[in-house]
Amino acid sequence: MANKLPREDSVVVDIKDGILFGPTAKRPLGENEYLGSCHCNSVTWIAKLDVAEHVLCHCRTCQQLGGGPYSCNQIVPKEALKILTGSPKVYTYTGASGKPVQCFYCGNCTSHIYHYQAVMPDKIIIRTLLLNGGPEMPATGEIFGEGRLNWVRELQENLTNGTKKSK
Ligand SMILES: [Zn+2]
Ligand SMILES: [Zn+2]
């Protein structure tokens with residue numbers, strides 16, 4: 001890869017849009033469940049988090065897809081996400097591994113909802129900042145810290161668990 005900035009090195013198995021999540025069903029929020037929605041509200045979902053927190057990703061792919069310096073994520077079992085309304089579209093790109101990575105997003109407003117990697121076949125990566133209550137959740141870790149932009153360096157002091165790098 002010509003680009004030396006970090007990219008997600010991910011592979012993906014065959015997956016069809018929607019199959020992971022079963023039939024559309026409305027139900028009340030249970031314990032540790034958070035309602036999520038895209039910007040236009042056409043796609044809504046429920047995500048179950050064991051801990052309400054963000055893990056920040058500084059990889060170049062997240063920067064390009066989201067337009068911000070990092071993304072806010074959590075890796076959860078795929079069963080932890082239930083799509084309530086709408087049907088996310090799929091964008092497939094080639095990761096540094098040479099294998100495809102699938103990103104699921106709202107086809108109307110382009111909000112990036114989650115993605116799937118075959119290296120973790122039972123897991124998905126959800127965008128935690130799109131959940132209700134997301135802005136109040138703490139950031140507790142970060143990945144691809146080598147891609148952290150210089151002007152977000154203060155994040156290191158604010159992260160609340162052991163993933164921060166010592167200087
Ligand atoms: Zn939308
Ligand atoms: Zn990333």
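Two strands count as paired if DSSP finds at least two bridges between them. Strands themselves are DSSP runs of E, at least two residues long, and helices are runs of H or I, at least four residues long, both numbered from the N terminus. With that in hand, take Glu 33: its bridge partner in S2 is Lys 48.

Before going on, the ground rules. This is a predicted model, in which local features need pLDDT of at least 70, side-chain atom pairs count only at pLDDT 80 or more, and totals for chains, interfaces and linings use all residues. Residues are numbered from 1 along each chain as its sequence is written, and chains are lettered from A and ligands numbered from 1 in the order in which they are written.

Now the overall layout. The chain has two helices and 10 strands. Along the sequence they follow the pattern β-β-β-α-β-β-β-β-β-β-β-α.

The Glu 33 bridge belongs to an open sheet of three strands, in the order S1-S2-S5, with antiparallel pairing. Its edge strands are S1 (33-37) and S5 (81-85), each pairing on one side only.

With S4 (residues 71-77), S3 pairs in the antiparallel sense over three bridges; here Val 55 is partnered by Asn 73. S4 also pairs antiparallel with S9 (residues 123-127), over five bridges.

Next, the interior. A residue is buried if 20 or more other C-beta atoms lie within 10 Å of its own, exposed if 12 or fewer, and partly exposed in between, with C-beta atoms placed from the backbone. Of the 167 residues, 29% count as buried. A nonpolar core is a set of buried Ala, Val, Leu, Ile, Met, Phe, Trp, Tyr and Cys residues joined through C-beta atoms within 7 Å. Which residues have the most contacts inside the largest core? They are Val 43, Trp 45, Ile 113 and Tyr 114, in a core of 19 residues. S7 gives the most to this core, with four residues. A second, separate core has eight residues, including Val 55, Cys 62, Tyr 70 and Phe 144.

Most residues other than glycine have a negative phi. Asn 32, in the segment before S1, has a positive phi near 65 degrees. Asn 32 is exposed, with 12 other C-beta atoms within 10 Å. Asn 41, in the loop between S1 and S2, has a positive phi of about 70 degrees. With 13 other C-beta atoms within 10 Å, Asn 41 is partly exposed.
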